[in-house]
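Q: Can you walk me through this structure? I'd like to take it one topic at a time.

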Amino acid sequence: MIKSYKLRRGIANTVIYILLAVLGLIWISPFVYLVMHSFRVGNTGTTVPYLIPQEWGLDNYIDLFKSQGGTAQLNFPRWFMNTLIVAIFSCIISTISVLMVSYAFSRLRFKTRKKFMNVGMILGMFPGFMTMIAIYYLLKAMGLTQTLVALVICYSCGAGLGFQISKGFFDTIPRALDEAATIDGATRNQIFWRIILPMSKPIVVYTILTAFIGPWTDFILAKIIMGDKRDNYTVAIGIQLMQDKEFIGTYYKQSLAGSVVVAVPISILFLILQRYYVEGVTGGAVKG
């Protein structure tokens with residue numbers, strides 16, 4: 001009986017592992033192809049008769065950043081800097097906004113607290129694309145379309161609505177610390193900056209990562225706001241432009257290299273801060 005159970009369990013585990021391995025291979029194969037062919041030298045076409053490049057080199061990356069090989073028309077270095085500027089400013093504003101709103105809902109008790117939390121959660125259920133056209137016309141009325149400032153405003157102004165996970169993390173911190181600090185004469189502002197935040201490294205890292213990744217990878221909203229002003233494009237729009245019918249024959253390999261370059265900062269950040277990211281998610285999920 002025991003041997004029969006172990007045999008069935010072993011067969012089931014083997015089948016599951018094989019299935020997971022196949023699914024993992026299917027999932028990772030496009031990324032492997034992208035990275036390999038970003039180093040491809042020679043054939044500029046979008047399709048080639050071989051899976052692994054026959055010649056390897058850094059030409060595509062050099063063209064991407066030095067405007068050689070005809071890429072002067074598509075200014076990737078400027079797009080990269082635009083994206084970096086927008087992501088950094090949006091990240092700073094969004095992180096401060098989310099953490100302060102989360103702390104207020106976690107620690108303060110006021111009459112409309114529950115109502116504000118419910119409204120925030122309901123608004124968060126609506127997909128962002130529903131408001132994109134309205135946002136565009138509002139920005140147009142203020143003369144902010146096709147500017148990086150508009151992107152920073154869009155990415156950071158509503159960030160406070162994503163308070164749920166951070167609030168859950170703050171709920172796990174004992175209120176006795178606040179009470180002890182209050183007895184010693186500390187204000188709410190001092191308690192937040194000097195006591196709570198230093199103890200909340202995981203959720204701070206989690207908030208920073210999520211606030212940075214959004215602007216860094218967004219395409220739809222940035223495309224609507226920027227229109228045809230190429231100088232203010234972000235990398236997502238720029239890479240899509242490289243794969244447009246007009247440019248794909250010349251810039252296909254550079255677009256692959258650009259995709260790798262875009263993925264590198266996020267990958268490095270995530271690998272370095274992965275432990276805090278996981279702690280922030282799990283800590284914020286304990287209490288709501």
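A: Here is a short chat about salt bridges, a pocket, a helix and a surface patch.

A: One thing before you start: this is a predicted model.

Q: OK. How many salt bridges does the structure hold?
A: It holds 3 salt bridges.

Q: Which residue forms a salt bridge with R107?
A: D178 does. The closest N and O atoms are 3.0 Å apart. This pair links distant parts of the chain. D178 sits in helix α8 (residues 175-183), R107 sits in helix α3, and they are 71 residues apart.

Q: Are D178 and R107 buried or exposed?
A: Both are buried.

Q: Why is R188 called partly exposed, while D178 is called buried?
A: R188 has a relative accessible area of 41%, so it counts as partly exposed. Buried means under 20%. D178 has a relative accessible area of 5%, so it counts as buried.

Q: What about D171, which residue forms a salt bridge with it?
A: K167. Their closest N and O atoms are 2.7 Å apart. Both residues lie in helix α7, 4 residues apart, which is about one turn of the helix.

Q: New topic: pockets. What volume does the largest pocket have?
A: About 1100 Å³. It is lined by 32 residues. C154, Y155, G158, A159 and L161 lie nearest its centre.

Q: Which element gives the largest share of that lining?
A: Helix α10, with 6 residues. The elements that give two or more residues include α3, α6 and α7.

Q: Let's look at α6. Which of its residues are buried?
A: In α6 (residues 148-156), they are L148, A150, L151, V152, Y155 and S156.

Q: What do they pack against?
A: They pack against α3 (76-107), α5 (132-141), α10 (201-217) and α11 (220-226).

Q: Last topic. Which residues form the nonpolar patch on the surface?
A: M81, I85, I88, F89, I92, I93, I96, M100 and W193. Together they have about 800 Å² of accessible area. Helix α3 gives the most, with 8 residues.

Q: Take I85. Where does it lie, and is it buried or partly exposed?
A: I85 lies in helix α3. Its relative accessible area is 36%, so I85 is partly exposed.

Definitions and conventions:
Residues numbered from 1 in each chain as written. Predicted model: local features only at pLDDT ≥ 70, side-chain atom pairs only at ≥ 80, totals over all residues. Heavy atoms only, no water. Buried < 20%, exposed > 50% of the residue type's maximum accessible area, 1.4 Å probe, protein only. Contact = heavy atoms within 4.5 Å. Patch = residues over 30% accessible without salt bridge, like charges linked within 9 Å, V, L, I, M, F, W, Y side chains within 5 Å. Areas by Shrake-Rupley, 256 points an atom, 1.4 Å probe, with all protein chains shown as cover. Salt bridge = Lys/Arg side-chain N within 4 Å of Asp/Glu carboxyl O. 1 Å grid on protein atoms, 1.4 Å probe; cavity = no way out; pocket = protein on both sides within 12 Å on 5 of 7 lines; lining within 4 Å. Points joined across faces, edges and corners; volume = space filled by probe spheres on them.
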